[in-house]
Each structure stands twice: as C-alpha cells, then as structure tokens.
Amino acid sequence: MTKPTLLFVCTHNAGRSALGAALAREQAGDGAIVLSAGVAPAETASAGTIASLAEIGIDDSAHVPTKVTEELVSNATVVIAMKPGLDLPEVDGVQYETWDLPNPQNWEAPAIRPLREHISRQVEELLDRVAPR
C-alpha cells in the first residue's frame, strides 16, 4: 500500500499548519508523508510554535514557511486547510478537509499549548482514517 501524503495548509505556514505537520510527522512515523504550506508564507516560523513543539520533544526549528502550489496539492492524498476560506488549488482525486482553528500569530508557547493539544487529537483521528498504524 502506498503511503498517504498529508498537506497541512494555513495562511502563513508559520503556526497552525506547522503545528499540524510536525505533530503528524511525530504520530505517523513512517506511515505517511507529511508536508505543510501557506497561501502567503511568512518569512520565518512562529517562535511560539517552535517553543510549544519543543516542550513535547519535537524539534521543528528548521521549519521554513513554504508557498502552497498546485503541484503540492496534486501530490497530496489529503489537504487539510487549517482555517476556512483559504484559496487552494482544486485538484480532482484529492480529499480536502477544513479545520476551523484560531491563528496563533504572536502567541507564546503557554498560549499555544491548548491549540497544540487540540490539533494533536485531530491529527490522531485523521491518521486513524488515512494511515492506520
């Protein structure tokens, strides 16, 4: 069976989608290919997001925000929009999900913890459906 490719997308690819992708990589192990992107990428990842992930032993300090492209979407099994209303390429055969999450821009790690835990649970449910471990 081919590994599913999960693409987490938000506005800046600095907070929500970076969290989702890092948590999915950790949970999926070798069971999925995990990517993230943004419709208007920031120059750098959110320091609060990086610190929040470090609290649970995930080093995402090398994350560089990336722009979403039609190629990224077309190679995905599932595209997870981390907020409603994102302008994403529509590609036949790709499954789309929308998770309505707050923007953690300028949040520090303590404020991000509840969002991180919420996303972690959603990632676990997603992986149970598309990449059973």
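At 36% relative accessibility, arginine 113 counts as partly exposed, and this residue makes a handy way into the structure, which is a predicted model. Arginine 113 forms a salt bridge with glutamate 55, and their closest N and O atoms are 2.7 Å apart.

## Salt bridges

How many salt bridges does a search of the whole structure find? The search finds 4. As background, side chains of opposite charge can pair when their charged atoms come close. Here are some of the pairs, for you to find in the structure above.

| Glutamate 55 | Arginine 113 | 2.7 Å |

Is glutamate 97 buried or exposed? Glutamate 97 counts as buried because its relative accessible area is 12%, under the 20% cut-off.

Glutamate 117 is partly exposed at 34% relative accessibility, whereas arginine 116 is buried at 5%. Salt bridges also join Glu55, Arg113, Arg116 and Glu117 into a network.

## The sheet and the helices on it

Now to the strands. Which order do they take in the sheet? The open sheet has 4 strands in the order β2-β1-β3-β4, and their pairing is parallel. β2 (33–38) and β4 stand at the edges with a single partner strand each, so one side of each has no neighbour in the sheet. From one strand to the next, the twist averages 20°.

The parallel pairing of β1 and β2 runs over 6 bridges. Within this pairing, threonine 5 has isoleucine 33 in β2 as its bridge partner. Helix α1 packs on the sheet and touches β1 and β2, its direction making about 175° with that of β2. Helix α4 packs on the sheet too, touching β1, β3 (78–81) and β4, and its direction makes about 150° with that of β1.

## A closer look at α1

Helix α1 is mostly covered, with 10 of its 13 residues buried. Among those buried residues are Arg16, Ser17, Leu19, Leu23 and Ala28. What covers the buried residues of α1? The cover includes strands β1 and β2 as well as helices α2 (47–55) and α4. After α1 comes glycine 29, which has a positive phi near 60°.

Threonine 49, a residue of helix α2, is buried with a relative accessible area of 0%. Leaving aside residues up to four places away in sequence, threonine 49 touches Ala14, Gly15, Ala18, Leu19 and Ile112. Ala18 and Leu19 are also among the buried residues of α1.

## Two asparagines with positive phi

Two loops deserve a look for their backbone angles. Asparagine 13 lies in the loop between β1 (5–10) and α1 (16–28). Its phi is positive, at about 55°, although asparagine 13 is not a glycine. Asparagine 106 lies in the loop between β4 (95–98) and α4 (109–130), and its phi is also positive, near 70°.

Which of these asparagines is buried and which is exposed? Asparagine 13 is buried, with a relative accessible area of 0%. Asparagine 106 is exposed, with a relative accessible area of 72%, because exposed means over 50%.

Key. Residues are numbered from 1 along each chain as its sequence is written. This is a predicted model: local features need pLDDT of at least 70, side-chain atom pairs count only at pLDDT 80 or more; totals for chains, interfaces and linings use all residues. Side-chain values use heavy atoms; hydrogens and water are left out. Buried means under 20% relative accessible area, exposed over 50%, partly exposed in between (1.4 Å probe, protein chains only). Two strands pair if DSSP finds at least two bridges between them. Axes are lines fitted to C-alpha atoms, for helices over the stretch in contact, and angles run from 0 to 180 degrees between N-to-C directions. Contact means heavy atoms within 4.5 Å. A salt bridge is a side-chain nitrogen of Lys or Arg within 4 Å of a carboxyl oxygen of Asp or Glu.
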